[in-house]
Amino acid sequence: MSIRIIKGGIFKVKLANGVIRYFQFVGKDKSELNSDVIAIFKKHYSEEPTSPEKVLNDTIECFMHTSVLAGVKLGLWERVFSLPLKVCVKAYGRKDLNLHR
């Protein structure tokens, strides 16, 4: 089965202490580290939220560069749903940023 990572994908991360965190794939930054950019949501969950909108309405804690596909393949996180992007390029803090994919 091929894994396809698309903009707007929301991923769930289960931490060792039982906390669940979520992030959204924003795009690929080809101008700096040539890697995926994710927006990490601030809220920590003890159980899965009842709707995807609860996750999407959360505050963004930070942006990070990572390899989303590698994390999926290693079982570090899983895609749970896809929604419209929560962020715009301006929120990322660089007007010259060209996010691809």
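Let's start with R21. At 13% relative accessibility, R21 counts as buried, because the cut-off for buried is under 20%. This is a predicted model, by the way.

What does R21 meet in a salt bridge? The side chain of E61, at 2.5 Å, N to O. E61 has 43% relative accessibility, so E61 counts as partly exposed. R21 sits in strand β2 and E61 in strand β4, so this pair ties together parts 40 residues apart in sequence.

A search of the whole structure gives three salt bridges. Next, K12. K12 is at 6% relative accessibility, so K12 counts as buried. One partner is E48, with the closest N and O atoms 2.6 Å apart. E48 is in the loop between β3 and α1, and K12 is in strand β1, so parts 36 residues apart in sequence are tied together. E78 also forms a salt bridge with K12, at 3.7 Å between the closest N and O atoms. That pair spans 66 residues, from K12 in strand β1 to E78 in strand β5. Together, K12, E48 and E78 make a network of salt bridges.

Now the rings. The search finds three aromatic pairs. Take Y22 and Y45. Their ring centres are 5.5 Å apart and their planes are at 85 degrees, so the pair is edge-to-face. Y22 is in strand β2, and Y45 is in the loop between β3 and α1, 23 residues apart. Both Y22 and Y45 are buried.

F23 and W77 have centres 5.1 Å apart and planes at 85 degrees, so that pair is edge-to-face. F23 and W77 are buried too. Finally, which residues do ring pairs link into a cluster? F11, F23 and W77.

Terms used:
Residues are numbered from 1 along each chain as its sequence is written. This is a predicted model: local features need pLDDT of at least 70, side-chain atom pairs count only at pLDDT 80 or more; totals for chains, interfaces and linings use all residues. Side-chain values use heavy atoms; hydrogens and water are left out. Rings of Phe, Tyr and Trp (its six-membered ring) pair if their centres lie within 6.5 Å; planes under 30 degrees apart count as stacked, over 60 as edge-to-face and the rest as tilted. Helices (H or I, at least four residues) and strands (E, at least two) are DSSP runs, numbered from the N terminus. Buried means under 20% relative accessible area, exposed over 50%, partly exposed in between (1.4 Å probe, protein chains only). A salt bridge is a side-chain nitrogen of Lys or Arg within 4 Å of a carboxyl oxygen of Asp or Glu.
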